[in-house]
Structures are given as C-alpha cells and as structure tokens.
Amino acid sequence: MTPLKFIFGLVFSSFLIACNSNNTKTKTSETTQEIVINKSDTLTKHLKPFNPELPTIGLLMYNGVLQSEVVATSDVFGKPTEEGKQLFNVITIAETNHPITTEEGLHFVPDYTFKNCPKLKALFVPSAYDMYAQVHNKNIIDFIKNKNKETEYTVSNCGGAQLIGASGIADGHKIVTWIGGGKQLQIDYPNLLVQNDSLITYAEDGKFLSSNGNLASYISALKLLEKMTSPEHRKFVESYLYLDRLQNWKE
C-alpha cells in the first residue's frame, strides 16, 4: 500500500467512526430525552408545586432518621381534600442539600436546607436510634430554636424530644418520648414535664405536640391535621390511608 492510500484509508476510517459516533450520540441523546420526557409526564401528574399561599409543614431530616417518622407526616399532610384540593405544602429540610440516609437505608433528598427553608406553619422533629450526633449538632439545635419563633406548632416524635429538650424551647411544657426513654429524658432535661411513656402515646401542651414515634407518628400528625383543618378532613385522610383496615386487621 502506498503512503497516499494509507493516509486516505486512515482519513476515511476516521470519518466513518466519527459518523457512527455522532449517530450513536444522537440516538442516545434522543433516547435519553424520550426517557426524561416520559418521566416528566408521569411526575407532573403527582407533583404538588409549592404554593406560597398555603401553610407549610416542615419535616426535619438528618442521617439515621427513622423514615417512618418522615413518611407518616407526609402521608397525612400530603393528602388533598375529598374534592382534590391541596391544603398544605409539605417539605423536607436538612442541614445541607446532600441526600440523607435513613436508619432503614433509604436515601432521601431534602427540598430545602437550613439556610433557604421557607417560613413554616409547623415543624416536625423526628428521631434516630442514636441521637448523640444530633443533640450535639449546634446547627440543628439553632435551626429548631429559630424556626420555633415562627411556627404555630412544633412537633416531636420519639427521640426527637431530645432535640426539643436540648433547644430549651419547650421548658415547662408536657412532652412524651419513646417507650422507655422518659426517665433519661427527664434527667437530661429537668425543665421538661416528661410524661409517662408507658401509658401515654401522645401529648399536647400549647404549641408543642409529641408522640412515642415510629408508627405512632401518624397519631401526632393526624391530631395536628384535625386542629388545622376539621374532624371531617381527618376522617377522610384516615380512610384514604386505609387506617381502619390496619386497626381492624387480624391474622
């Protein structure tokens, strides 16, 4: 093969490779775009846009959070009216915008951070099995303190009561925590009026609501939902969630 033919062959081969690459990119791009469009079409049926005219319910999150305590509140407040009307903005908040990992291993992406969180009507403070890192995180404590100045309600579930105690916002108020945790909570935060968690599932004192947590988080969410809407809407949401089936379930 002459040098000229060899060079021509290289150029022609390069041209073919470039064409094939471009075609692949185009096809890949088209496929990707189609997938995105399909996903977008599906999502738009379910997304609830933030409406500044609606009250906003904030769900605090951090690594190790019990996901049931986040999901319970979003389940309750995310449901529309019987006529399909949205009543609340339900948002998740974390210290940064990085995904958090729940105790159970799921990854949740926060909607807002401590720095850009909008004004809240209610703040829900969840728990983790090990609260040491959260109780000693000044940024979390300061966020709870600052948000409590604007919230109409502040709710804790399970060990979230420790964060409420550490913040000092509920001193002199009744609070309940996880079953078996009340004694230590009272020792650590003597200014709280800790209730007997072996007998009490839910406590309410002024703007402060609390529960044993885990699935009992549905109770605190439903109690507050009724206060903010009506008994009729609470019953509708309970039926929407099939809670009657759960309550009456037998093996």
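Q: What does contact mean here, and which residues is Thr56 in contact with, leaving aside its neighbours within four places in sequence?

A: Contact means heavy atoms within 4.5 Å. By that criterion, Thr56 is in contact with Phe50, Asn89, Ile91, Lys119, Leu120, Lys121 and Ala122, its neighbours within four places in sequence being left aside. The model is predicted, so local features need pLDDT of at least 70 and side-chain atom pairs count only at pLDDT 80 or more, while totals for chains, interfaces and linings use all residues. Residues are numbered from 1 along each chain as its sequence is written, and side-chain values use heavy atoms, with hydrogens and water left out.

Q: Is Thr56 buried or exposed?

A: Buried means under 20% relative accessible area, exposed over 50%, and partly exposed in between (1.4 Å probe, protein chains only). Thr56 has a relative accessible area of 3% and is therefore buried. In the protein chain, buried residues make up 41% of the 251 residues.

Q: Where is Thr56 found in the secondary structure?

A: Helices (H or I, at least four residues) and strands (E, at least two) are DSSP runs, numbered from the N terminus. Thr56 lies in strand β1, residues 56-60. The protein chain has nine helices and eleven strands.

Q: Which residues of helix α8 are buried, and what covers them?

A: Helix α8 spans residues 231-240, and its buried residues are His233, Arg234, Phe236, Val237 and Glu238. Their cover includes α2 (67-77), α7 (217-228) and α9 (243-247). Just after α8, Tyr242 adopts a positive phi of about 60 degrees.
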